[in-house]
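This report describes the architecture of one model, from strand pairing to helix packing. The sequence and structure are shown first.

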Amino acid sequence: MKVVLDPGHGGSNIGAYGSISYENDVVMSYALGIYQELSEVFEIDTILTRMTDEYVSLSRRSMIAVEESADLFISLHCNSSPYDAANDLQIYYYKDEDEKFANYLFNMLSMVDGKQSRWSRTEFASFQVLTELSHTNIPAVLIEIGFISNVEDEKLMLSPAFMEDFCKTAAKAIVKYIT
Ligand SMILES: [Zn+2]
């Protein structure tokens, strides 16, 4: 079993930003948290598409999953919106057959304390890291953990307790799905 985790953005590409944080840093913390759970607790072979704050092209990220014959590819992002109130967790998939995993992951992650009362959803989307895996049978989803543009959601995402809970839950969901 092999899982590829993709912390979005990095290096010169900071992604979205909030009042005190940048998306590239936030998603790196989550990727490392999930990585630690998967590799240390569940002993699942886990690979990150970037280990540091560096630029990696979108096609390279998907290529890593192909080269590694991954059983699962998960890209991690924070959303941003001009509407201050936007604060939901979202999970995107591209291949029809990945909708099931997106829903499963969503059902688990929306139970994490702090997220459960929010309006949330899974949706079809043509993000490049997902479409580039459409010719493979590697399940691939993209998680928007929350809205970094929303001060409360940013605070929640930066809270160590929420982060720990989220990463443990994500790892549990991943393991249940692929094993
Ligand atoms: Zn992003």
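Which residue in E2 is the bridge partner of Leu5? The bridge partner of Leu5 in E2 is Leu48.

## Basis of the description

This is a predicted model, in which local features need pLDDT of at least 70 and side-chain atom pairs count only at pLDDT 80 or more, while totals for chains, interfaces and linings use all residues. Residues are numbered from 1 along each chain as its sequence is written.

Helices (H or I, at least four residues) and strands (E, at least two) are DSSP runs, numbered from the N terminus.

## The sheet

Six strands form an open sheet with mixed pairing, in the order E2-E1-E3-E6-E4-E5; two strands pair if DSSP finds at least two bridges between them. The edges are taken by E2 and strand E5 (121–124), each with a single partner strand, so one side of each is left without a neighbour in the sheet. On average, neighbouring strands of this sheet are turned by 25° against each other, direction ignored.

Strand E1 (residues 2–7) pairs with strand E2 (residues 45–48) in the parallel sense over 4 bridges. E1, helix H1 (residues 23–41) and E2 make a right-handed β-α-β unit: with the strands pointing away from the viewer, the path from the first strand over the helix to the second runs clockwise.

## Packing of H1 on H6

H1 and helix H6 (residues 160–178) pack at about 50°, with their axes 9 Å apart. Axes are lines fitted to C-alpha atoms, for helices over the stretch in contact, and angles run from 0 to 180 degrees between N-to-C directions. The angle makes H1 oblique to H6 (under 35 degrees is roughly parallel, over 145 roughly antiparallel, 65 to 115 roughly perpendicular, and the rest oblique).

Residues of H1 in the contact include Tyr30, Ile34 and Leu38, and those of H6 include Met163, Phe166 and Ile174; contact requires C-beta atoms, placed from the backbone, to lie within 7 Å. By class, this contact has 10 nonpolar, 2 polar and 3 charged residues (Ala, Val, Leu, Ile, Met, Phe, Trp, Tyr, Cys and Pro count as nonpolar, Asp, Glu, Lys and Arg as charged, and the others, Gly among them, as polar).

## Packing of H3

Helix H3 (residues 99–109) packs with H6 at an angle of about 145°, with axes 9 Å apart. Phe101, Tyr104, Leu105, Met108 and Leu109 in H3 meet Phe166, Thr169, Ala170, Ala173 and Tyr177 in H6.

Terms used:
Contact = placed C-beta atoms within 7 Å.
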